[in-house]
Amino acid sequence: MQFEGCRDFRQRVVSSFLSGKKLKITGIRVDDESPGIQDFEAGFLRLIDLITDGTRIEINETGTVLRIVPGIIVGGVDLEHDCGTSRSIGWFIEGIIPLACFGKSPVEIQFSGITHDTL
């Protein structure tokens, strides 16, 4: 699967894992003052990496190109994830619910971060 831009970032990443297909996203915020993947998107990728095994995530130097080779959704218990302050905890939970349903084991994650944001 190949896409351009940061639109629907979480959905594209999750679709890659559910379909088992490689993902490439190019042109991520290339025209912005701060180009590339933002901290909350990087945090989402860390969360995905936490509940999967064998996942390969590659980001170029500028952060404008992302490549993912999806691994196996394993789930896990006693996991912790810091969501930061750019997006609320709900933003991260919404993204991983589809993956959690297909994990090899239950998913139990303790989230830390904010419960509200400007969105």
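Predicted model: local features only at pLDDT ≥ 70, side-chain atom pairs only at ≥ 80, totals over all residues.
Biologist: In which order do the elements of the chain run from the N terminus on?

Modeller: The chain holds three helices and eight strands. Read from the N terminus on, these elements run β-α-β-α-β-β-β-β-β-α-β.

Biologist: What is the radius of gyration of the chain, and what does the globule rule give for 119 residues?

Modeller: The C-alpha atoms fill a box of roughly 40 × 35 × 20 Å along the principal axes. For 119 residues the globule rule gives 14 Å, and the chain comes close to that, so it is as compact as a globular protein of that length. The radius of gyration of the chain is 14 Å.

Biologist: Among contacts between residues at least 6 apart in sequence, what percentage join residues at least 24 apart?

Modeller: A contact here means heavy atoms within 4.5 Å. Taking the contacts in the chain between residues at least 6 apart, the share that joins residues at least 24 apart is 62%.

Biologist: Which are the edge strands of the open sheet?

Modeller: Four strands form the open sheet, in the order E1-E2-E5-E4 and with mixed pairing. An edge strand pairs on one side only, and that holds for strand E1 (2–4) and strand E4 (56–59). The twist from one strand to the next averages 10°. The edge strands are E1 and E4.

Biologist: Which residue in E5 is the bridge partner of Glu58?

Modeller: E4 and strand E5, which covers residues 66–69, run antiparallel and are joined by four bridges. Within E5, the bridge partner of Glu58 is Arg67.

Biologist: With which residue does Glu58 form a salt bridge?

Modeller: Side chains of opposite charge can pair when their charged atoms come close. For Glu58, the closest N and O atoms of the pair are 3.3 Å apart.

Biologist: At about what angle to E2 does helix H1 run?

Modeller: Helix H1 spans residues 9–19 and lies across E1, strand E2 (23–26) and E5. Its buried residues are Phe9, Arg10, Arg12, Val13, Val14, Ser16 and Phe17. Just after H1, Gly20 takes a positive phi of about 75°. The angle between H1 and E2 is about 160°.

Biologist: Is Arg10 buried or exposed?

Modeller: Arg10 forms a salt bridge with Glu94, with the closest N and O atoms 3.2 Å apart. The pair links distant parts of the chain, since Arg10 is in helix H1 and Glu94 in helix H3 (residues 89–100), 84 residues apart. Glu94 is exposed, with a relative accessible area of 53%. Arg10 has a relative accessible area of 12%, so it counts as buried.

Biologist: How many salt bridges does the structure hold?

Modeller: One of them joins Asp8 and Arg7, whose closest N and O atoms are 3.8 Å apart. In that pair, Asp8 is partly exposed at 41% relative accessible area, while Arg7 is exposed at 63%. The number of salt bridges in the structure is four.

Biologist: What is the relative accessible area of Glu41?

Modeller: Glu41 is found in helix H2, residues 39–51. Leaving aside neighbours within four places in sequence, Glu41 is in contact with Cys6, Phe9, Arg29, Gly36 and Trp91. Glu41 counts as buried because its relative accessible area is 2%.

Biologist: How far apart in space are Arg87 and Gly43, C-alpha to C-alpha?

Modeller: Arg87 is found in the loop between strand E7 (76–82) and H3, and is buried with a relative accessible area of 16%. Not counting residues up to four places away in sequence, Arg87 touches Phe40, Phe92, Ile114, Asp117 and Leu119. Arg87 and Gly43 are 44 residues apart in sequence, and their C-alpha distance in space is 9.8 Å.

Notes:
Residues numbered from 1 in each chain as written. Heavy atoms only, no water. Pairing = 2+ DSSP bridges. Helix = DSSP H or I, 4+ residues; strand = E, 2+ residues; numbered from the N terminus. Axes fitted to C-alpha atoms, helices over the stretch in contact; angles between N-to-C directions. Salt bridge = Lys/Arg side-chain N within 4 Å of Asp/Glu carboxyl O. Buried < 20%, exposed > 50% of the residue type's maximum accessible area, 1.4 Å probe, protein only. Rg over C-alpha atoms; globule rule 2.2 N^0.38 Å.
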